[in-house]
Amino acid sequence: MTKFAIGQTVHRLEDPTLLQGKGCYTDDLRPQGAAHAFVLRSPHAHVLIRGIDTTAARKAPGVIAVLTGADAKADDLGTMPCIVPVKNHDGTPRGETPRPVLALDRARHVGDPVALVVAETYHAARDAAELIEVDYEPLPAVADVYGAAQPGAPLVWPEIKQNIVADLHLGSKEAADAAFARAAHISKIELVQNRLVANPMEPRAAFAEYDPETDRSTLHTSSQSVALLRAHIGDIVLKIGDKLRVRSGNVGGAFGMKAMMHPEQPMIVWASRRLKRAVRWTGDRSEGFLTDVQGRDHKVFAELALDKDGKFLAVRATVYAGMGAYLSQFAPMIPQSVHSMMPSVYAFEAAHLHLIETVTNTVPVDAYRGAGRPEGIYVTERLIDIAARELKIAPDELRRRNFIKPSQFPYTTAAGLVYDSGDFEGLQAKALKEADWAGFPARKAASEARGKLRGIGLTMYVERCGGAAPPDSVALKVNKDRVLVLPGTVDNGQGHMTVLKQMVSEYLGVDMEKIDVSQGDSDANPFGLTGGSRFAVVTGTAAGIAAKEVVDKGMEQAAKMLEAAAADIEYGDGDYKVKGTDRKATLFDVASAAGGIEALHIKNTGALTFPNGCHIVEVEIDPQTGVTRLDRYTIVDDFGRALNPMLLLGQVHGGTVQGIGQALLEHAVYDNESAQLLTGSFMDYAMPRADDVPSFHTTFHHTPCTTNPLGVKGAGEAGSVGAPPAIINAIVDVLHAKKGIKHIDMPATREKVWRALNG
Amino acid sequence: MSVKVSMNVNGEAVSAEVPERTLLVSFLRETLNMTGTHVGCDTAQCGACTIHLNGRAIKSCNILAMQAEGGNVTTIEGLAKADGTLHPMQEAFRQNHGLQCGFCTPGMVMSAVDLVKNTPNPTEEQIRELMDGNICRCTGYHNIVKAIAAGATSMAANP
Ligand code: FES
Ligand code: FES
């Protein structure tokens, strides 16, 4: 075994660079002579554009070009693709929302790009943008996901009736209705999935270079997938195919949002090709609030059916899911996961979702950490707590009666997923013990003695990771003394380089110091996407297959060198060895003699994995101020196996705090008349800060995954799934005891909690 | 209108002609090409741009370059020793996995060094309170808080 094998805590190799400010994020590229771009945006949520006068701006000092939607049209640019086909339940295809990179005759949300100014300096571009005169004719706007679908609401797209862009049923309605018909008890909830802003600390940025010799462009941009961007920008929008190369260096956080193409990326490449000159653009935070794809935004009506013994029969929901003004890349697919996640870790007979996807005059919505999983689990776990209270069964006991049992795997859920492994009852038992669930009454009494209110909340969660699309690749190249690993994924802060080196080191029996990782270049890393917690599962498996191929490819050369039959040679610890002798040749010697060995693995098995776990939270609420303090926070996770426990826990902490943000603080609020974003900066949109969150008590209860050779399940999104229901369950524990309140919507801000307690 | 601005950055005298409205962070990033100091917002809320000016941590996005005229500036690039040995606070972040994407990190580390200077033996509660001007979207703060406590101990041991 090599000393940094899989399963060890290895300190990150990325860190010394980043800790000294030597990382290279997109805006850190400082090309000589690059022009600067500034995007003029619609200040209105819904307008007709009658005309754009750029005369004065063009003449402003330092200005190189001013481009509008008409120029893009003249250059035959394509529209921004949504790559998810959806069929409505009546068999018709979903609505279309073709989005040009610059608005043509209509802008549909505040921040929609209207013109691009390119100048010698950033300030020159920005100042010139103020000279552009746009003749806007305001139209009525709508921001509320539910209100948009009501008769008479202003239409975002005249061609989309009642703003409903897709209307579908997932799961069997008949089966669910039959189960509800014979239920002894039905619990109901109406809730809001608050709309969120991803807010990675590094804003989006794009910088395009142009090479006149080859007529090729290189786009440097902060992303989760150079491959998808290359395809979407190169093939669909700009129609230049391989004349585009996309590169990502260090990425300062992404969380789903940077998996999506945003209009500025093709726009900057286009401008650079027109001007035959490098052009850079870096968004500021205010632009991020107005233009980065956002997350969640559901209005939900849901019900849980139970029999007389508290056995779950079925869960059903009607979900209105906001898509924003245009369908982003994966958008219509994300809320569909509500259905697949609703059965959670429980044995249900049926699960049915009526999903109504609506367009509103707001920023497009797409995947944000969890991407449909937190939304689905939240529905079920809130319903379970409500049912437990109504039936006077302890919440842990009600869950225990309904867990899928280890003996039932592989288990097909009511939503049709096949779970391979897990020990939900054992995991919950461990969590109850770790959290000292039994000691809660004493702590509650102690809080009350100090004038504080204490509540406890429990949730189980499961999520779905892995999967086939899009394909991921790992290439390995071995030369005389080094191994080069080329993953298709792009690191956004997870520590992929370290973990890949750990994995390849173990697979090939080669020291980590001899392994290099190179990522984020569409020329060299052709397929892959970071997202859906799939790196460990998909890239890890692909790297293993590529490593095996490397070893096999070297076998013939090794046989020649060792003068033995290939069948008599075995590979281990970095050496080809003749069995039963001490004759051996190192991988590097063999590679050197063979002129290098290369292997590329592209396909995925498509297998799914199901990380799961339990969050238990104790809140202490100050009834005078409504401030909710998370006093004790216990997390037990089943990730199958840890590749690097320290990094794994880092993912848990980060995901959990994003979930805490959703539960207590964060909300993208739009004025429903004007559809103006009211929370457009860190002053109005409350990001979790160090003093808003606790330290965590974490442990694992792994059961190996059986659908991939590593036995891993994925961990990137787990925390964001578990935190919201656990926290709201804990707060409602207090609100119900004091005021008989059944539910409070997220974010449960201090004001909302205070009003609930004092209302 | 341009002005000439001169200051001392990480022990070196620098001076340049810049537009009056140039922020200190732009002076560092654009004029001096020192890109270790980051920009995460436009409302002086996130702390990604934190540096030391005359021995105090400040947000360099919230001050004009010309306001730092004649000052002593330390940025993240000036914290490690010339031989590459990390500052004890940087080392503590490394040991405790106090960073993921690294974008908030230069500001976090600069704030943390200042915090420990003013509060040599900080409790967890003090660390959380005093770091509330620095936003991290990746780590959930758990390991940052641990790192700062460890960094405080090792700064005390290696003054
Ligand atoms: S960039 Fe200075 S506080 Fe955000
Ligand atoms: S490590 Fe990414 S923002 Fe802090």
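Helices (H or I, at least four residues) and strands (E, at least two) are taken as DSSP runs and are numbered from the N terminus. The model described here is predicted, so that local features need pLDDT of at least 70 and side-chain atom pairs count only at pLDDT 80 or more, while totals for chains, interfaces and linings use all residues. Residues are numbered from 1 along each chain as its sequence is written, chains are lettered from A and ligands numbered from 1 in the order in which they are written, and side-chain values use heavy atoms, with hydrogens and water left out.

In chain A, two cis peptide bonds are described. The bond from Phe409(A) to Pro410(A) is cis, with omega near -10°. Pro410(A) is placed in the loop between α11 (395-400) and β18 (411-412). Met746(A) and Pro747(A) are likewise joined by a cis peptide bond, for which omega is about -10°. The loop that holds Pro747(A) runs between α18 and α19 (750-758).

Positive phi values were also examined. Gln162(A), a residue other than glycine, has a positive phi near 55°. Gln162(A) belongs to the loop between β6 (133-138) and β7 (164-170) of chain A. For accessibility, buried means under 20% relative accessible area, exposed over 50%, and partly exposed in between (1.4 Å probe, protein chains only). Gln162(A) counts as partly exposed because its relative accessibility is 31%. In Ala371(A), also a residue other than glycine, phi is positive and near 45°. Ala371(A) lies in the loop between β17 (350-358) and α10 (373-391) and is buried, with a relative accessible area of 11%.

Ala371(A) is among the residues touched by Glu717(A), where contact means heavy atoms within 4.5 Å. Not counting residues up to four places away in sequence, Glu717(A) also touches Arg369(A), Gly370(A), Arg373(A), Glu463(A), Gly532(A) and Ser533(A). Glu717(A) is found in the loop between β32 and α18 (718-739), and its relative accessible area of 8% makes it buried. Glu673(A), by contrast, is exposed, at 71% relative accessible area. Glu673(A) sits in the loop between α17 (645-665) and β32 (697-700). Its C-alpha atom is separated by 6.5 Å from that of Ala141(A), although the two residues are 532 residues apart along the chain.

Chain B contains five helices and five strands, in the order β-β-α-β-β-β-α-α-α-α from the N terminus on. The radius of gyration of chain B, taken over C-alpha atoms, is 15 Å, which agrees with the value near 15 Å for a compact globule of 159 residues; the globule rule is 2.2 Å times the number of residues to the power 0.38. The C-alpha trace of chain B spans about 45 × 30 × 25 Å along its principal axes. Of the 159 residues of this chain, 58% count as buried. Among contacts in chain B with a separation of 6 or more, 55% are between residues 24 or more positions apart.

Helix α3 of chain B (residues 105-118) has 14 residues and reaches 20 Å from its first C-alpha to its last, close to the expected 20 Å; the expected span is 1.5 Å times one less than the number of residues. Of the 14 residues of α3(B), 12 are buried, including Met108(B), Val109(B), Asp114(B) and Leu115(B).
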